[in-house]
Amino acid sequence: MQCYSFIKTMMILFNFLIFLCGVALLAVGIWVSVDGPSFLEIFGPLSSSAMQFVNVGYFLIAAGVVLFALGFLGCYGAHTENKCALMMFFFILLIIFIAEVAAAVVALVYTSVAEHFLTLLAVQTIKKDYGSQKDFTQVWNSTMEGLKCCGFNNYTDFEESPYFTDNKVFPPYCCFDDVNGTEPCTKKRAEDKPVQGCFNQLLSDIRTNAVTVGGVAAGIGGLELAAMIVSMYLYCNLK
């Protein structure tokens, strides 16, 4: 009985923390969606790397909603000893865990396919939105300034973009010797001293921190498994 009470208390505390994390992610997600530029100003240019590929605001809001729901179901189920809430908590965690494992397997087995798909997605988005979407343009400018890179692959990514169409030049970050933009970054100048694309730089950063990322992922997976086991233990010991 003492063991059951202890596990129940820990389950409530753990899920209360998840609930608070969900609220925090929701708040940050709404902030990024409403005022992305101020987010970049506070956290610096390197914070914009991931924002090239996904709408971080919406992603954080979605993650916040999931954590909010998980935390609520876990706390409510454990505190009131509600079997339905505990079972829903278990199944949501199980779905998330399976999705994470599947994503990891796909990323490892189909790395080249994933990179090709990401390249197509990013380049097409640049050609469509760079120079016309203010937040998107600022994200890329911050990334290129911070990583000392140009585009996803190189300067050619900006051809046909609204920026190039309007100005007939490339962003100043694509000219190695004139990042301050004192001279127009023409195609000839960009060809003479090419600047590497941001994708290679991002891959290098990810590989450098692969051990840390793997450790964090393993820790999250372990917590999810532990939470599922505890929820099933409470469920099976309820009358």
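Modeller: A helix here is a DSSP run of H or I with at least four residues, a strand is a run of E with at least two, and both are numbered from the N terminus. Just after helix 6, for example, Lys148 takes a positive phi of about 55°. The model is predicted, so local features need pLDDT of at least 70 and side-chain atom pairs pLDDT 80 or more, whereas totals for chains, interfaces and linings use all residues. Residues are numbered from 1 along each chain as its sequence is written, and side-chain values use heavy atoms, with hydrogens and water left out.

Biologist: How many helices and strands does the protein chain have?

Modeller: The protein chain has 10 helices and 0 strands. Read from the N terminus, the order of its elements is α-α-α-α-α-α-α-α-α-α.

Biologist: Which residues in helix 6 are buried?

Modeller: Buried means under 20% relative accessible area, exposed means over 50%, and partly exposed lies in between, with a 1.4 Å probe and protein chains only. In helix 6, Phe136, Thr137, Val139, Trp140, Ser142, Thr143, Met144 and Leu147 are buried. Over the protein chain, which has 239 residues, 34% are buried.

Biologist: What makes Lys8 and Glu81 a salt bridge?

Modeller: A salt bridge requires a side-chain nitrogen of Lys or Arg within 4 Å of a carboxyl oxygen of Asp or Glu. The closest N and O atoms of Lys8 and Glu81 are 3.4 Å apart, so the pair meets the definition. It links distant parts of the chain, 73 residues apart: Lys8 is in helix 1 (residues 2-34), and Glu81 is in the loop between helix 3 (56-80) and helix 4. The structure holds 4 salt bridges.

Biologist: Why is Glu81 called partly exposed?

Modeller: Its relative accessible area is 35%, so Glu81 counts as partly exposed.

Biologist: What do the side chains of Glu159 and Lys187 form?

Modeller: They meet in a salt bridge, at 3.6 Å from N to O. Glu159 lies in the loop between helix 6 (134-147) and helix 7 (162-167) and Lys187 in helix 8 (residues 187-192), so the pair ties together parts 28 residues apart in sequence. Glu159 has a relative accessible area of 23% and is therefore partly exposed, and Lys187, at 42%, is partly exposed too.

Biologist: Where do Asp192 and Lys188 lie?

Modeller: Both lie in helix 8, 4 residues apart, about one turn of the helix. An α-helix has 3.6 residues a turn, so residues three or four places apart point the same way. The side chains of Asp192 and Lys188 also meet in a salt bridge, at 3.2 Å from N to O. With a relative accessible area of 57%, Lys188 is exposed.
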